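Have the coordinates open as you go.

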Amino acid sequence: MRAQSSATAPSGIAVAGSTASTGGRSSGTLLAALGVVAFSLTFPATAWGLEGFGPWSLIAVRSILAAVIAGGCLLVLRVALPERRHWTGLAVVGAGVVLGFPLLTTLALQTSTTAHAAVVVGLLPLTTALFSALRIGTRPSRTFWLAALAGAAAVIAFTVQQSGGALTSADAYLFAALLVCAAGYTEGGRLARVMPGWHVIGWALVLCLPLTVPMAAVALSFEPVHLTAHSVTGLLWVAAGSQFLGLVVWYRGMAAIGIPKASQLQLAQPLLTLVWSVLLLGEHLTVAAPLTAAAVLVCIAVTQRARG
């Protein structure tokens with residue numbers, strides 16, 4: 001009886017561990033998906049913000065507001081300073097997702113529609129997976145890459161078709177934003193393995209304050225501000241929703257399911273952005289939207305099941 005008991009114990013532990021692991025992956029996928037929903041509102045909210053703020057003012061003020069929220073949470077919860085070895089990674093996160101991506105996409109949205117700007121989001125999962133492979137050494141499977149390429153191609157084709165197939169002068173901003181954001185996502189996902197995700201974005205926001213505060217002072221003195229319901233709502237969302245809360249759940253989700261698989265959930269982001277654009281900005285979708293949505297969902301399902 002004693003021998004039988006000792007033989008069955010490891011099996012029970014394995015089952016419990018497997019269940020916990022499955023639950024962790026499920027919650028991680030949900031958190032990453034919530035981050036994608038938050039990010040999908042960024043472009044429409046930015047368009048609203050630009051109705052009352054100049055591009056430089058909008059970026060600086062949104063970063064400061066997000067830093068105040070994050071810094072307040074860090075202070076109230078008495079979170080210790082990160083170890084010195086993590087500050088370089090936090091600087092990369094700050095340069096990529098706190099300053100670089102918001103600034104470059106906001107500049108692009110002055111002359112580009114949200115549909116055209118969504119091309120960046122369509123390419124971001126692939127770029128993030130590539131940065132992850134170079135920085136962290138992840139090696140997704142061939143099936144993963146084929147599904148990712150197919151999903152990205154579907155999104156790009158759809159968003160280019162939505163914008164009439166014409167490239168604009170904003171493309172340089174958009175492709176630069178793609179690179180800096182992928183670097184920030186990758187580094188943030190790596191740091192989220194050793195510290196809570198909200199600590200990562202929180203400290204990155206605080207770290208950028210010496211740059212964003214002077215930027216806001218200068219920008220607000222040159223760019224006129226017209227406060228409206230749209231501009232204030234847009235500012236508050238990109239500050240609290242996109243810049244802080246969205247990144248908190250996003251980094252936590254990436255830490256749970258891995259950077260490549262989490263990044264593929266962003267294949268749905270351009271389509272969500274276009275839906276919000278219809279509801280909030282009055283843009284119109286073509287009949288290609290449901291077909292592209294179905295193709296993207298299939299690609300997401302394949303990448304989530306692929307073993308790297």
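Q: Is Arg 190 buried, partly exposed or exposed?
A: The cut-offs are under 20% relative accessible area for buried, over 50% for exposed and partly exposed in between (1.4 Å probe, protein chains only). Arg 190 comes out at 24% relative accessibility, so this residue counts as partly exposed.

A quick word on the source: this is a predicted model, where local features need pLDDT of at least 70, side-chain atom pairs count only at pLDDT 80 or more, and totals for chains, interfaces and linings use all residues. Residues are numbered from 1 along each chain as its sequence is written, and side-chain values use heavy atoms, with hydrogens and water left out.

Q: Which side chain meets Arg 190 in a salt bridge?
A: A salt bridge here is a side-chain nitrogen of Lys or Arg within 4 Å of a carboxyl oxygen of Asp or Glu. An α-helix has 3.6 residues a turn, so residues three or four places apart point the same way. At 2.6 Å, N to O, the partner is Glu 187.

Q: Is Glu 187 buried or exposed?
A: Its relative accessibility is 6%. That is under the 20% cut-off, so Glu 187 counts as buried.

Q: What is the N to O distance in the salt bridge of Glu 83 and Arg 85?
A: Glu 83 is partly exposed at 45% relative accessible area, and Arg 85 is exposed at 59%. Their side chains meet at 2.6 Å.
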